[in-house]
Amino acid sequence: MKKVLIMLLIFLLPAVSAATFQGGVSEQGQGTSSRIIDKQTGQGIGGANITLPKQNYATTTDSNGFFELDTQINGPSIMSVQKENYKPFTMTVDGATFNAPIVVGIEKSNASGKAIDTNMYHLGDNSFSDLSANAGEFSMQAIGPFYTKKFTLKNINIAKPVYLVIGSIIGIDTAMARSVGQNRIPNAVASPPEIYFNGNKISEIQLNGDGQKIKLPPSLIKKNQVNEITIKTGRNLMQTAYIDYDDIEFMNILIEN
Ligand SMILES: [Ca+2]
């Protein structure tokens with residue numbers, strides 16, 4: 001009986017102290033290994049691919065979903081979790097994230113969610129301060145000041161809200177990002193990245209973070225036709241002698257309906 005109680009406690013305790021990430025869960029794990037689980041069933045997911053593109057690092061979970069990261073993380077980085085039949089998942093991690101093991105829940109993919117692009121991109125001009133929200137080594141070259149992607153929206157229900165979701169975005173140096181402590185640059189403030197949908201500006205992104213949702217205006221959605229999204233990075237507002245684009249990185253573009 002006592003044994004049953006202890007096992008029950010072990011099972012229940014982590015849920016009490018769980019901190020929730022957007023689209024996933026984090027809690028104190030056991031031992032030294034972190035774990036990827038199915039968000040619905042709580043079962044460990046074996047063979048999930050975990051990558052840190054900035055560190056050029058990749059590993060895979062064992063058959064019970066456990067993994068260990070054998071890499072140094074300096075400053076914010078995007079960690080990606082991918083597994084067949086699951087929604088691609090990203091979260092922002094830093095040197096402190098894995099001080100204690102974490103548990104991350106990922107969700108089965110379904111008809112209401114569609115991944116448009118699961119790659120990681122760096123926008124800007126490769127010129128940035130060590131104190132920026134993107135401090136840390138860059139292994140990835142900037143593709144320029146903007147990113148654009150065409151995609152077809154099939155089986156979309158315009159009667160329901162349609163969201164563009166950016167899995168993770170780091171490096172934004174706006175005044176708001178600075179005011180909440182996301183960077184420490186004393187004299188550089190950038191304008192926010194802008195989101196365009198089918199040629200219309202629909203949003204600005206002021207803060208770094210995971211799972212940022214932007215509602216697509218129904219009147220702009222072209223059902224069963226090609227649609228286009230553009231992400232334009234901001235520019236350093238303190239630099240007038242030349243254009244200094246804000247260097248940002250993002251990963252995972254999804255549509256939710
Ligand atoms: Ca720059």
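1. pLDDT is the predictor's confidence in each residue, on a scale from 0 to 100. This is a predicted model. Its mean pLDDT is 86. Of its residues, 84% reach 70 or more.

2. The N terminus needs caution. Over residues 1-26, pLDDT stays under 50. For that stretch the model has 31 contacts beyond four places in sequence.

3. Next, a sheet. Three strands form an open sheet in the order S6-S3-S9, and the pairing is mixed. Strand S6 (66-67) and strand S9 (103-106) are the edge strands. Each has a single partner strand, so one side of each lacks a neighbour in the sheet.

4. Strand S3 covers residues 34-38 and runs antiparallel to S6, joined to S6 by two bridges. Ser-34 has Phe-67 of S6 as its bridge partner.

5. Now the nonpolar core. The largest one has 37 residues. Those with the most contacts inside this core are Ile-36, Val-81, Val-104, Ile-106, Ile-169 and Ile-248. At least two core residues come from each of S3, strand S7 (77-82), strand S8 (89-93), S9, strand S12 (163-170), strand S16 (226-232) and strand S17 (248-256). S17 gives the largest share, six residues.

6. As background, nonpolar side chains tend to be buried together in soluble globular proteins.

Definitions and conventions:
Residues are numbered from 1 along each chain as its sequence is written. This is a predicted model: local features need pLDDT of at least 70, side-chain atom pairs count only at pLDDT 80 or more; totals for chains, interfaces and linings use all residues. Two strands pair if DSSP finds at least two bridges between them. Helices (H or I, at least four residues) and strands (E, at least two) are DSSP runs, numbered from the N terminus. A nonpolar core is a set of buried Ala, Val, Leu, Ile, Met, Phe, Trp, Tyr and Cys residues joined through C-beta atoms within 7 Å. A residue is buried if 20 or more other C-beta atoms lie within 10 Å of its own, exposed if 12 or fewer, and partly exposed in between; C-beta atoms are placed from the backbone. Two residues are in contact if their C-beta atoms, placed from the backbone, lie within 7 Å.
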